[in-house]
Amino acid sequence: MSDLLINIQDVSYRYDKETVLENINIQITRGSFLAIVGPNGSGKSTLLKLMLGLLKIQKGKIDLFGKPIQQFKDWERIGYVSQKANSFNTGFPATVFEVVMSGLTKKIGLFHFAQKKHREKAMEALRSVGMERFANRNIGELSGGQQQRVFIARAVASDPELLILDEPTVGVDAKNEKLFYDMIETLNKQHGITMVLVTHDLEAVSDKVTQVACLNKHLHFHGNTHEYQNLSDVELSCFYGNEKLKF
Ligand SMILES: Nc1ncnc2c1ncn2[C@@H]1O[C@H](COP(=O)(O)OP(=O)(O)O)[C@@H](O)[C@H]1O
Ligand SMILES: [Mg+2]
């Protein structure tokens with residue numbers, strides 16, 4: 001029971017007149033690495049926002065760490081980096097270190113000062129994403145991919161058990177994308193953080209993920225990578241049209 005971190009049951013969602021999710025069922029167990037794939041507008045971000053309580057459930061049920069989401073309060077256990085996180089421009093007046101520290105506000109307490117242990121925690125998080133040496137740089141001076149790493153460090157600093165990433169490599173070039181996914185894999189396998197990753201590029205993460213979910217309003221497939229590999233091209237093209245998603 002305690003190994004089931006997220007249980008999504010029969011969830012549907014609509015914006016005004018448009019239904020974007022229908023009868024979604026997904027279970028996410030501790031230690032797993034789930035990739036959610038699907039075309040643009042298929043409801044991926046909406047599903048994440050429902051899991052994070054950022055959108056209110058209209059139909060169905062979501063349990064987080066064994067509790068109905070409506071009663072769940074331990075948000076510290078879940079880290080989230082949204083699709084548009086890397087949008088600081090050069091003038092933004094904060095260092096990389098300060099951005100990561102801002103993720104610890106809850107741990108530090110609103111009117112208390114950061115202690116040595118908090119600063120160490122922030123540096124450790126930066127180290128885990130390979131960005132330690134950028135600590136004193138201005139966040140706006142970094143590339144999109146580097147900023148994205150810093151946002152992950154910010155989420156990692158509060159020791160989440162689960163990390164939810166919405167298309168984190170948009171704007172990251174191919175070479176750095178590989179390094180980026182290696183870093184995510186380390187967080188999953190070595191730090192034991194359960195991962196939920198929305199991605200366009202399943203091929204790039206195929207050897208790292210344990211589960212795949214194919215979403216396009218409906219959940220067309222949810223299973224392990226082996227089962228996914230055994231899907232036929234015909235089945236796949238039903239989900240996606242002609243997009244290349246086989247690995
Ligand atoms: N706040 C909103 N209001 C109305 N429609 C929305 C809103 N957010 C998303 N949508 C629509 O819902 C559908 C799913 O969007 P989204 O979950 O962002 O898909 P994805 O992340 O897979 O690209 C799209 O058609 C999108 O235009
Ligand atoms: Mg999206």
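Tutor: Before we start, a polar contact here is a pair of N or O atoms within 3.5 Å; within protein, one must be able to donate a hydrogen and the other to accept it, and residues adjacent in sequence count only if both atoms are side-chain atoms. This is a predicted model, where local features need pLDDT of at least 70, side-chain atom pairs count only at pLDDT 80 or more, and totals for chains, interfaces and linings use all residues. Residues are numbered from 1 along each chain as its sequence is written, chains are lettered from A and ligands numbered from 1 in the order in which they are written, and side-chain values use heavy atoms, leaving out hydrogens and water.

Student: OK, how far is an oxygen atom of ligand 1 from the side chain of E18?

Tutor: An N or O atom in the E18 side chain sits 3.1 Å from an oxygen atom of ligand 1.

Student: And what about G41 and S45?

Tutor: For G41, a polar backbone atom is 2.8 Å from a ligand 1 oxygen. With S45, a polar side-chain atom is 2.9 Å from an oxygen of ligand 1.

Student: Switching topic, where is T169?

Tutor: T169 is in the loop between β7 (162-166) and α6 (174-189); helices (H or I, at least four residues) and strands (E, at least two) are DSSP runs, numbered from the N terminus.

Student: Is T169 buried or exposed?

Tutor: T169 counts as buried because its relative accessibility is 11%; buried means under 20% relative accessible area, exposed over 50%, partly exposed in between (1.4 Å probe, protein chains only).

Student: Which side chains make polar contacts with T169's?

Tutor: The E177 side chain does, at 3.5 Å, and so does that of Y181, at 3.2 Å.
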